Amino acid sequence: MSTERRRWIALAVVMTASFMDLVDATIVNIAVPSIQRDTGAGFSAVQWITAGYALAFAVGLITGGRLGDIYGRKRVFLIGTAGFTVASLLCGVAADPQMLVATRLLQGAAAALMVPQVLSIIHATFSGEERGKVFGMFGAVIGLAAVTGPLLGALLTQWNILGLEWRPIFLINLPFGIAGLLLGRRFIDESKAPQALRLDIAGVALATAGLLLLMYPLVQGRENGWPLWGYALMAGGVAVLAGFVRYERAKKAKDGSPLVELALFRARSFAAGIGVQLVFGAGCGIFFLVWTLYMQIGLGWSPLHAGLTGLPFTVACSASAGMSVQLLVPRFGRKVLQAGALTTAAGALLYIGEAARYGQSVHSWQMALPLLVMGAGMGMIFSPLTDAVLSDVPQDHAGSASGLINTTNQLGNAFGLALVSVAFTGSTPIRAFEHAMLWMVGAMAIAAVLMTALPRRAARTPEPADHAAGTAKAPALAG
């Protein structure tokens with residue numbers, strides 16, 4: 001088989017893995033009532049079934065990315081995919097809520113090994129103009145998965161296949177996971193950092209502790225009434241992460257093998273892009289959860305009705321993601337990202353107006369225009385942002401950079417979810433929806449301002465001759 005065909009099959013494999021992860025992060029929300037009826041899970045267990053995955057995922061991402069740099073991205077990807085597949089099976093056969101929580105944590109930890117390798121493998125396999133096209137496809141997959149998760153969860157739960165109720169939402173991962181293992185083993189080429197690196201155990205411990213201290217109160221805060229100890233833990237998490245940065249600087253000077261390559265932040269595209277990822281992740285965390293709660297709790301719609309309502313968003317986001325990288329960014333540069341943030345904010349304002357105007361009597365077709373506008377705006381951000389953040393990253397640090405990108409996005413999502421919890425405290429679902437959507441407008445406005453720090457114009461950086469040095473560039477947004 002030709003090298004060209006092998007590369008595109010490898011891309012399909014890693015894209016499918018990324019799609020599985022993104023769908024799995026959202027598919028459970030729709031099935032919560034079925035899980036409660038079948039297992040007798042209480043509110044605390046349900047919260048950990050949904051949020052435990054995100055917590056384990058976020059905490060392990062940086063380490064998972066670095067493991068790929070050190071031991072080989074293909075190897076770690078296959079290990080993560082195998083773990084994710086086994087954990088999905090265990091979730092599907094869980095006998096009680098406690099087992100389901102434990103297996104969801106395992107599933108998130110396995111995803112933390114699998115997902116960082118996706119961007120790293122793309123970064124190592126494609127270069128130049130090809131990489132811009134691939135990141136366009138990647139953004140389209142993200143947009144598609146964001147709405148496919150709830151829709152797929154609604155269908156699988158409502159169909160009650162073989163009387164299994166909610167369990168197929170996890171078991172559906174098995175054929176895709178097995179196919180990914182077989183095809184990935186054959187078609188993905190191995191890559192790792194050109195220079196010898198060692199795993200920074202102390203760095204892993206500090207990063208894990210800091211992220212746990214920061215994220216646990218965000219996940220658990222609403223159930224406990226946002227106690228003082230939660231804020232103390234978050235402050236402790238910030239302090240531990242500050243200590244982690246100081247340690248990483250010393251580790252770099254000592255043996256050149258830190259967990260996180262802090263020199264990445266010297267690249268303006270990377271530092272600015274990480275900031276945008278944090279704010280944009282918060283906006284997405286606000287929207288996708290509050291949207292589901294608004295339709296199902298506020299309007300009383302069925303899961304399938306709510307899922308089908310999101311189709312205009314899916315179509316617009318997928319189309320916009322591909323178009324932005326292929327046609328718009330090469331011509332207009334960062335203005336595309338800024339336009340995407342402002343377009344998303346405009347769609348959110350339209351949605352607020354529709355909700356206020358029609359109240360409980362709103363129909364799906366009346367939501368179509370706001371969803372089309374929001375989907376188009378988000379698609380203009382998803383793909384170009386990934387490309388911009390990785391544009392100046394050396395290949396030998398692609399895993400570390402990928403882990404940072406995903407971790408930052410997950411932290412933003414967790415913060416957004418916390419804001420949703422605040423919005424729904426002591427408020428009706430429709431009123432809470434309007435409040436939360438205003439916060440999303442604010443997040444998009446902040447993101448648009450931060451995007452001014454990204455390089456200004458789109459340019460194609462020529463490929464260097466020495467690929468082994470790990471200096472190949474993606475299509476850069478040149479300043």
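Predicted model: local features only at pLDDT ≥ 70, side-chain atom pairs only at ≥ 80, totals over all residues.

Residues are numbered from 1 along each chain as its sequence is written, and side-chain values use heavy atoms, with hydrogens and water left out.

**Cysteines**
- The structure holds zero disulfides, a disulfide being a pair of cysteine sulfur atoms within 2.5 Å.
- Cys284 is in no disulfide, and the nearest cysteine sulfur, which belongs to Cys317, is 8.6 Å away.
- Cys284 is buried at a relative accessible area of 7%, where buried means under 20%, exposed over 50% and partly exposed in between (1.4 Å probe, protein chains only).
- Cys91 is also buried, with a relative accessible area of 0%.

**Helix α14**
- Helix α14 (residues 334-358) has 25 residues, helices being DSSP runs of H or I with at least four residues, numbered from the N terminus.
- From first C-alpha to last, α14 reaches 37 Å, close to the expected 36 Å, the expected span being 1.5 Å times one less than the number of residues.
- Gly359, which follows α14, has a positive phi near 55°.

**Helices α1 and α5**
- The axes of α1 (residues 3-39) and α5 (residues 116-125) come within 9 Å and cross at roughly 160°, with axes fitted to C-alpha atoms over the stretch in contact and angles running from 0 to 180 degrees between N-to-C directions.
- The two helices α1 and α5 are therefore roughly antiparallel, a term for angles over 145 degrees.
- Their contact (heavy atoms within 4.5 Å) is made by Arg7, Leu11, Val14 and Ser18 of α1 and by Val118, Ile121, Ile122 and Thr125 of α5.

Key
Parallel < 35°, antiparallel > 145°, perpendicular 65-115°, else oblique.
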